[in-house]
Amino acid sequence: IFTINWSYGMIEGILIGLTTALTFQNILMVMVGCFFGTIIGMLPGLGPMTAIALMIPITYGFEPATGLILMAGVYYGAVFGGSTSSILLNAPGVPGTVATSFDGYPMAQQGKAGKALAIAAWSSFAGGTLSAIYLLFLAPSLAEYGRPRLSLLIITSCSENQQNRTEVLFHYSMQHYAGEQPALNTLIFSK
């Protein structure tokens, strides 16, 4: 379905991004962002969006790349920080760490809190790294996917239930393959 279209411009863009991200200032900013994001994420009820909202005024004086790197570090740190409160207090800091409390809190009650936190840290790091690498390789294919199909993908991911998603995809594909120009707004809002 997806093919990787490598070009000289894409490889050059990746190298420019890596040289920008691997400067001393940006590495320092991502570490500072992860530290403060973890602290904010540990507080139940304060999640990644709150942490980013608190860091936005700080980034006004930075270069755009440095500010975005700081906010990305804050986001990833806050997501991991939510697992800390989920493991130690059985109070997930963010909705994404609810599943962590199912196994992490019982491990903490058995005296294995350090092991549970280490598993959560490594899982968070591996998931973030692998998803960034997958996005790097799949972004060109997704860009060629086309606006109508990408719009449909976004709309159906935000729809209420699985049945509605299936109906929308079915009607869209039938109209598309019949040669008609499907109107996404009538498909979604007619239900």
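How do α3 and α4 lie relative to each other, roughly parallel or roughly antiparallel? In this predicted model, the two helices pack at an angle of about 150 degrees, with their axes 8 Å apart. Axes here are lines fitted to C-alpha atoms, for helices over the stretch in contact, and angles run from 0 to 180 degrees between N-to-C directions. Angles under 35 degrees count as roughly parallel and those over 145 as roughly antiparallel, so α3 and α4 are roughly antiparallel.

On the α3 side (residues 48-55), the contact (heavy atoms within 4.5 Å) is made by P48, M49, A51, I52 and M55. From α4 (residues 64-89) come M71, V74, Y75, A78 and V79. That makes 10 nonpolar residues, with no polar and no charged ones; Ala, Val, Leu, Ile, Met, Phe, Trp, Tyr, Cys and Pro count as nonpolar.

Zooming out, the chain has nine helices and zero strands, taken as DSSP runs (H or I, at least four residues, for helices; E, at least two, for strands) and numbered from the N terminus. Of its 191 residues, 27% are buried, meaning under 20% relative accessible area with a 1.4 Å probe, protein chains only.

As for confidence, pLDDT (from 0 to 100 for each residue) averages 78 over the chain, and 69% of residues reach 70 or more. Over residues 185-191 pLDDT stays under 50. Where pLDDT is low, the predicted coordinates should not be read in detail.

Residues are numbered from 1 along each chain as its sequence is written. Local features need pLDDT of at least 70, side-chain atom pairs count only at pLDDT 80 or more, and totals for chains, interfaces and linings use all residues, while side-chain values use heavy atoms, leaving out hydrogens and water.

Notes
Angles under 35 degrees count as roughly parallel, over 145 as roughly antiparallel, 65 to 115 as roughly perpendicular and the rest as oblique. pLDDT is the predictor's confidence in each residue, from 0 to 100. Buried means under 20% relative accessible area, exposed over 50%, partly exposed in between (1.4 Å probe, protein chains only).
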